[in-house]
Amino acid sequence: MPFGLIIGVNSHFQSVIFGRVLLREEKVKKFEWVFREFVKMMGGKNPVTILTDQCRAMEVAISNVLLGTNHRWCKWHVLRKAKERLGALYGKNNQFEVDFHRIVNQMLTMEEFEGAWVEMLSTYALEKNPYLHHWRVYKCGSFYVDEVVPGEMYVAKHFDSQNREKWCKAQVLVHLRFTEVPAQYVLKRWTVGIRDVLPTHLVYQKYQGLMTSFSFRHSQLYLNCM
């Protein structure tokens, strides 16, 4: 039977296992059941974002059950499948691999990605390749920001625009009213302030008198048993 893991990350970017599941088959209804049960375990709260492989049944189940959750494909899985599907190109022409990964990893906007993608398809005569027509991704970079309209409009220009690819969009108009990200949009678990809310038995103190807490005893017993 297919075995699945539901994994997240903690404030140190370490993997955390939230759940395990065994399924008889990988069908939409089965995945819908899994996601409903997971939400119940989480106190009725849907995940903000979920990353999966390119399983179509899982994609449909997420859209039916996890309303409001951002669903994205895992980059590792996408690139692994790309290498499987484009293995001949990887072997015949190493430059294709270089160009392919440059576009995937260095894109700035959707427009720049589309421009670079069309150019790559033309360069390697891949206009009719069905697999390569399903790609959409974009990524931000590092910018200098000049104020155009005080307090309202700014021009963001990539710091290395002169050395970027010719298809790169190096200048972008953005509307801003803050000099930094407002505190309410920064989750505490991603900041050094997370230490303020650590369980008391995890706070490093030489003499803290908490050696009898259940979680501390459980962790110590587990390590001793192992």
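**View 1. Strands S1 and S2 form a hairpin with 5 residues between them.** In the turn, Phe13 has a positive phi of about 60°. S1 covers residues 3-9 and S2 covers residues 15-22, and they pair in the antiparallel sense over 7 bridges. Two strands count as paired if DSSP finds at least two bridges between them. Helices (H or I, at least four residues) and strands (E, at least two) are DSSP runs, numbered from the N terminus.

A word on what you are looking at: this is a predicted model, in which local features need pLDDT of at least 70 and side-chain atom pairs count only at pLDDT 80 or more, while totals for chains, interfaces and linings use all residues. Residues are numbered from 1 along each chain as its sequence is written, and side-chain values use heavy atoms, leaving out hydrogens and water.

**View 2. Helix H1 (residues 28-41) crosses helix H2 (residues 56-65) at roughly 50°.** Their axes come within 8 Å; axes are lines fitted to C-alpha atoms, for helices over the stretch in contact, and angles run from 0 to 180 degrees between N-to-C directions. The two helices are therefore oblique to each other, a word for angles that are not under 35 degrees (roughly parallel), over 145 (roughly antiparallel) or 65 to 115 (roughly perpendicular). On the H1 side, look for Val28, Phe31, Glu32, Phe35 and Arg36. Among the residues they meet in H2 are Ala57, Met58 and Ile62.

**View 3. Glu32 sits in helix H1.** Is Glu32 buried or exposed? Glu32 is buried, with a relative accessible area of 5%; buried means under 20% relative accessible area, exposed over 50%, and partly exposed in between (1.4 Å probe, protein chains only). Leaving aside neighbours within four places in sequence, Glu32 is in contact (heavy atoms within 4.5 Å) with Ala61, Asn64 and Val65.

**View 4. Helix H3 (residues 75-85) has the buried residues Val78, Leu79 and Ala82.** Seen down the axis of H3, these buried residues fall within an arc of 90°, so they line one face of the helix. The arc is that of the directions from the helix axis to the C-beta atoms. Here is a handy rule: an α-helix has 3.6 residues a turn, so residues three or four places apart point the same way. The buried residues of H3 pack against strand S4 (70-73) and helix H5 (94-106). Turned away from that buried side is the face with the exposed residues Trp76 and Glu84.
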